[in-house]
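New notebook page, new structure. I'm going through it piece by piece and jotting down what I look up.

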Amino acid sequence: MIANVLTIAGTDPTGGAGLQADLKTFSALGAYGMGAITAVVAQNTRGVRSFVVLEPDFVGAQIDAVFDDVRVDAVKVGMIANAAIARVVADRLRRHARCPVVVDPVMVAKSGDHLLLPDAVAALRDELLPLATLITPNLPEAAVLLDCPPPQTLDDMRAMLAALTALGPQWVLLKGGHLRAPHSTDLLGGPEGVLELPAQRLSTTRDHGTGCTLAAAVAALLPTTDTVSAVRRAKDYLNAALAAADQLEVGGGRGPVHHFHAMWARPGAD
């Protein structure tokens, strides 16, 4: 079976993050990608310039159009922009989705620019997180969701993981990349307990869209495997995409990861 995976997200005209990165990730992992746009973003590898939020009813209409015609095997939710869109997306997921749902609570771009209006935090937390098979917050995003300071230690992360789980998702992947430690350790919590997923830190500035890509990779894999395996394989995919990112020459800021590292010939190779 080739899985059909829908992303509900904002755009990135340089192709490294958002809906474009999601579609690349789905394709790289053998899934058929579909997209419903929530916001059109003017950004590049240096930062976000502005964004225009689509009408909530039109976002809902896009989602309806997909589900009315296509078997959807997984959904990935990224940038929702505001509370009204969060409520519409939640309504459509309750109405249509009978498949895994991965929610990446996109709040701030890699450049530091905010992509979530303040009124949307409560709606995201209360409406969307309880519908999720998996949520994938980084530490600053988790701190905003819980209205608490960012964690400073792995023990702090464990306490934060428990609090996030209490918000209702089946699984939580708390990403530890912002923690100051020699390794980058993520925590995966769910029905099978808590797993530590350490990884070697990669020194690179080509990391635009890493959060989008990881969540999209999990969504692409969930139709054919269990959550723990999907997360492990998604992390392996992202690490390889980061390691190969220097093969690309895209922009003068934080460049994108190489989504098709396993498919494209390395420059200069025979």
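**Entry 1: two hairpins.** I started with β3 and β4, which a hairpin joins through 2 residues. My labels follow DSSP: helices are runs of H or I with at least four residues, strands are runs of E with at least two, and both are numbered from the N terminus. Before going on, I noted that this is a predicted model, where local features need pLDDT of at least 70 and side-chain atom pairs count only at pLDDT 80 or more, while totals for chains, interfaces and linings use all residues. Residues are numbered from 1 along each chain as its sequence is written, and side-chain values use heavy atoms, with hydrogens and water left out.

Strand β3 covers residues 39-44 and strand β4 residues 47-53, and they pair in the antiparallel sense over 6 bridges. I count strands as paired if DSSP finds at least two bridges between them. Opposite Ala 39 I found Val 53 of β4. Which residues of β3 are on its covered face? They are Ala 39, Val 41 and Gln 43, and the uncovered face has Val 40, Ala 42 and Asn 44.

I looked at β9 and β10 next, and a hairpin of 2 residues joins these as well. They run antiparallel, with 8 bridges between them. Gly 189 has Val 194 in β10 as its bridge partner.

**Entry 2: the sheet.** I traced an open sheet of 8 strands, in the order β2-β1-β5-β6-β7-β8-β9-β10, with mixed pairing. At the edges are β2 (32-37) and β10 (193-200), each of which pairs on one side only. Inside that order I checked β8 (residues 171-174) against β9 (residues 183-190): they run antiparallel and are joined by 3 bridges. Leu 173 stands opposite Leu 188 of β9.

**Entry 3: the cores.** Here I looked for nonpolar cores, meaning sets of buried Ala, Val, Leu, Ile, Met, Phe, Trp, Tyr and Cys residues joined through side-chain atoms within 4.5 Å. Buried is under 20% relative accessible area, exposed is over 50%, and partly exposed is in between, using a 1.4 Å probe on protein chains only. In soluble globular proteins, nonpolar side chains tend to be buried together.

The largest core has 44 residues, and those touching the most other members are Leu 6, Val 75, Val 77, Val 89, Leu 124, Leu 128 and Leu 174. Helix α3 (residues 83-96) gives the most to this core, with 6 residues. Leaving out residues up to four places away in sequence, Val 77 touches Ile 8, Val 89, Leu 93, Val 101, Val 102, Val 103, Asp 104 and Leu 128; contact here means heavy atoms within 4.5 Å. There is also a second, separate core of 31 residues, including Phe 26, Ala 28, Leu 222 and Tyr 237.

**Entry 4: positive phi.** Ala 81 isn't a glycine, yet its phi is positive, near 75°. I found Ala 81 in the loop between β5 (74-77) and α3. Is Ala 81 buried or exposed? Ala 81 counts as buried, at 0% relative accessibility.

Asp 147 isn't a glycine either, and has a positive phi of about 55°. Asp 147 lies in the loop between α5 (139-146) and α6 (154-165). With a relative accessible area of 71%, Asp 147 is exposed.

**Entry 5: Asn 138.** I found this residue in the loop between β7 (134-135) and α5. Asn 138 counts as buried, at 16% relative accessibility. A polar atom of the Asn 138 side chain lies 2.9 Å from the backbone nitrogen of Glu 141. Setting aside neighbours within four places in sequence, Asn 138 is in contact with Leu 174, Lys 175 and His 178.

**Entry 6: cysteines.** How many disulfides does a search of the whole structure find? It finds 0, with a disulfide taken as a pair of cysteine sulfur atoms within 2.5 Å. For Cys 99, the nearest cysteine sulfur belongs to Cys 212 and is 19 Å away. Cys 99 is buried, with a relative accessible area of 16%. Cys 212 also counts as buried, at 13% relative accessibility.

**Entry 7: last look.** Asp 57 lies in helix α2 (residues 56-67) and is exposed, with a relative accessible area of 64%. Asp 57 and Val 88 are 31 residues apart in sequence, but their C-alpha atoms are 7.3 Å apart in space.

Conventions: Polar contact = N/O pair within 3.5 Å; in protein donor to acceptor, adjacent residues only side chain to side chain.
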